[in-house]
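Work through the exercises below with the model open beside you. Try each task before reading its solution.

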Amino acid sequence: MIALGFESSCDETSVAVLEDDRTLANLVSSQDFHKKYGGVVPELSSRAHLARVAPLTRDALVQAGVELADVDLIAATAGPGLIGALLVGFTFAKGLAVAERKPFVPVNHVEAHFFSGFLMDEKPEYPFLALAVSGGHTMLVLVEDELTLTRLGGTVDDAAGEAFDKGAKTLGLPYPGGPNIQKTAERGDPERYPFPIAELKSKYDFSFSGVKTALLRQVQILRTGNDPLAEETVADLAASYQRSIVEALIRKTDAAIAEFAPKSVSLVGGVAANKPLREAFTRTTAARGAKAVVPSIQYCGDNAAMIAWRGLALHRAGERFSNEYRPFPSFQSRYARDYSDNPR
Ligand code: KG4
Ligand code: ZN
């Protein structure tokens, strides 16, 4: 089956063509201009999606060597994300589907991240655990099959990528903060500042507001007058901050592997590009005897290939959606139930 997928939840416009598990095209147009505002400006994002979506669709079909008539289904991100941005890709995709009389499948963006390992040659095996970490989400989930997911935990405040981005701002490093913290941290001592790792009532939840505040306080203590911090100090702070975030993610993942004994464990989302996180993740997973699946960078960040894959999987499983289906800004899912520490 051939699927055409659309992604427009944040600052990447992406269109992909998939033939079953095989990616024929996966084009991503990133809105780099948000950099100068220090974060994504929703209105500008919507306008950029509008300008990019049609030409990108044409280019993806040409690259894939596929005619619109040959496409079996059209999938688009329905949420979570910026509502104006979502509406652009979603409405364009649904319009195409209606005009071409193709089935239309709305896709939950975070769920698509969970399954992104299936775009690789080395695929996850069910049941698998997925840790999704990006600028917008941080979630730990147990996946039994395509329609049965248990949301073990998530962040109660900032997403992991957001914590990286805000920490970078505090340290005077440019946006996006994640890659810059990682780079600066390479020269620093991760043991220098013992930043906190939050323990929460709910076993698999995360919180990054404590470490973010601890960093800010430490910078205020270290700064004298208006002088900028010394380069080594910034490197030590970045390394210690990164260590605390990575440690928090790994501890919960390790506990979940111990409790649920999944066959595979997948690390997905933009923050999966973080090298110390990838290394710690691979080590922890191996120590527990599970298979680690970390998708390549093109499938870790926001992309439409994962949306098309999820659309195909849902369609094959017999899922059908009414034309009344609407985009949603925050996480909602037909398939994910919540895990409870104290089941009654
Ligand atoms: O998945 P993604 O491309 O977009 C969202 O859905 O958010 O993730 C972007 C996030 C940003 O917060 C960015 O700082 C973070 O991923 N990120 C990193 C690294 N590369 C990207 N965080 C830590 N280390 C990295 N190397
Ligand atoms: Zn994402």
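Predicted model: local features only at pLDDT ≥ 70, side-chain atom pairs only at ≥ 80, totals over all residues.

Residues are numbered from 1 along each chain as its sequence is written, chains are lettered from A and ligands numbered from 1 in the order in which they are written, and side-chain values use heavy atoms, with hydrogens and water left out.

**Exercise 1. Describe the site of the zinc ion (ligand 2) and place its donors in the chain.**

Step 1. Donors are N, O and S atoms within 2.8 Å of the metal (3.2 Å for Na, K and Ca); water is not among the atoms, so sites may look incomplete. The zinc ion (ligand 2) is coordinated by H109 through NE2, H113 through NE2 and D302 through OD, at 2.1 to 2.2 Å.

Step 2. Check the geometry. The four donor atoms of the zinc ion (ligand 2) give angles of 84 to 148°, and the site is irregular.

Step 3. Read the spacing along the chain: H-x3-H-x188-D. H109 lies in helix α3 (residues 109-114) and D302 in the loop between α9 (297-300) and α10 (304-316), so this pair ties together parts that are 193 residues apart in sequence. Helices (H or I, at least four residues) and strands (E, at least two) are DSSP runs, numbered from the N terminus.

Step 4. Look up the accessibility. Buried means under 20% relative accessible area, exposed over 50%, and partly exposed in between (1.4 Å probe, protein chains only). H109 is buried at 0%, and D302 is buried at 16%.

**Exercise 2. Which residues of helix α6 are buried, and where on the helix do they lie?**

Step 1. Helix α6 spans residues 209-222, and its 14 residues reach 20 Å from the first C-alpha to the last, close to the expected 20 Å. The expected span is 1.5 Å times one less than the number of residues.

Step 2. The buried residues are V211, A214, L215 and V219. Seen down the axis of α6, they fall within an arc of 135°, so they line one face of the helix. The arc is that of the directions from the helix axis to the C-beta atoms.

Step 3. The buried residues of α6 pack against α4 (160-170) and α7 (231-260). On the face turned away from the buried side are the exposed residues R217, Q220 and I221.

**Exercise 3. Is T184 buried or exposed, and what does T184 touch?**

Step 1. T184 lies in helix α5 (residues 177-185). Its relative accessible area is 9%, so T184 is buried.

Step 2. Contact means heavy atoms within 4.5 Å. Leaving aside neighbours within four places in sequence, T184 is in contact with L173, V234, A235 and A238. A polar atom of the T184 side chain also lies 2.7 Å from the backbone oxygen of N180.

Technical notes
Tetrahedral: all angles 85-135°; square planar, octahedral: opposite > 155°, others 65-115°. Polar contact = N/O pair within 3.5 Å; in protein donor to acceptor, adjacent residues only side chain to side chain.
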